Each structure stands twice: as structure tokens, then as C-alpha cells.
Amino acid sequence: ADPGLPEGVSPTRVVAGGDGYVLNNGLLEVKIDSRGLVTGMLDLENLRQVIADGGQGNLLQIHKDYPNRWNAWDVDVFYKDQVENLDGPAEVE
């Protein structure tokens, strides 16, 4: 037990497995795939899966924004019409 951590929490263990990693701190067991997406999160205290089967957490998305009036901080309601998931290798142009 680490005296600096709350009761029931242990230092996080990271284990490589399959196509990613499993992190466990005694309260949560989190599965992260090779893309960096959270594919499973088990609440160990309540034995409850937090991420639905087939679901993903930590998925970053970008939306195209062509503002109608101002160049900055003018997010229009239709921004969600064009979305790109950032779930693969990053490319810089």
C-alpha cells in the first residue's frame, strides 16, 4: 500500500497484452488498444463494465468549421455534419 494514495487504491499496474495494454489500480481495470482507444473499463468495486461492448472511449474527433460570421469561436449548429475520427496513425501535412 502507498501511504500517498486513498484507501483501496494501489499504484497502477500496466500489462501489455493482445493489441494493447491493461491498466489496473485496484478500482478500475482499463483496456487500451494499439490505437490508444479505451475498449474496456471495468469498475472493480461494483463489478460493472463502464464501456459498452463494441464501444470506445478516448476517441478524438475533428469537425470542419466554415464560420458564417467570424473566424474564431463561431461554432455553427451544423458543425457535426462533417466529422472525422482520429483513430489511426497521425499524419502531418
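I shall go through the overall fold and then one residue.

This is a predicted model, in which local features need pLDDT of at least 70, side-chain atom pairs count only at pLDDT 80 or more, and totals for chains, interfaces and linings use all residues. Residues are numbered from 1 along each chain as its sequence is written, and side-chain values use heavy atoms, with hydrogens and water left out.

The protein has seven strands and zero helices, where strands are DSSP runs of E with at least two residues and helices are runs of H or I with at least four. Its radius of gyration is 19 Å, whereas a compact globule of 93 residues would have one near 12 Å; the value is taken over C-alpha atoms, and the globule rule is 2.2 Å times the number of residues to the power 0.38. Along the principal axes, the C-alpha atoms fill a box of roughly 55 × 30 × 25 Å. Of the 93 residues, 15% are buried, meaning under 20% relative accessible area with a 1.4 Å probe and protein chains only.

Let me turn to N24. Where does N24 lie? N24 belongs to strand β2, which spans residues 20–24. N24 counts as buried because its relative accessibility is 11%. Its side chain reaches the backbone nitrogen of G26 at 2.7 Å. Leaving aside residues up to four places away in sequence, N24 touches P11, T12, R13, E29 and L44, a contact being heavy atoms within 4.5 Å.

Note on methods
Buried < 20%, exposed > 50% of the residue type's maximum accessible area, 1.4 Å probe, protein only. Polar contact = N/O pair within 3.5 Å; in protein donor to acceptor, adjacent residues only side chain to side chain.
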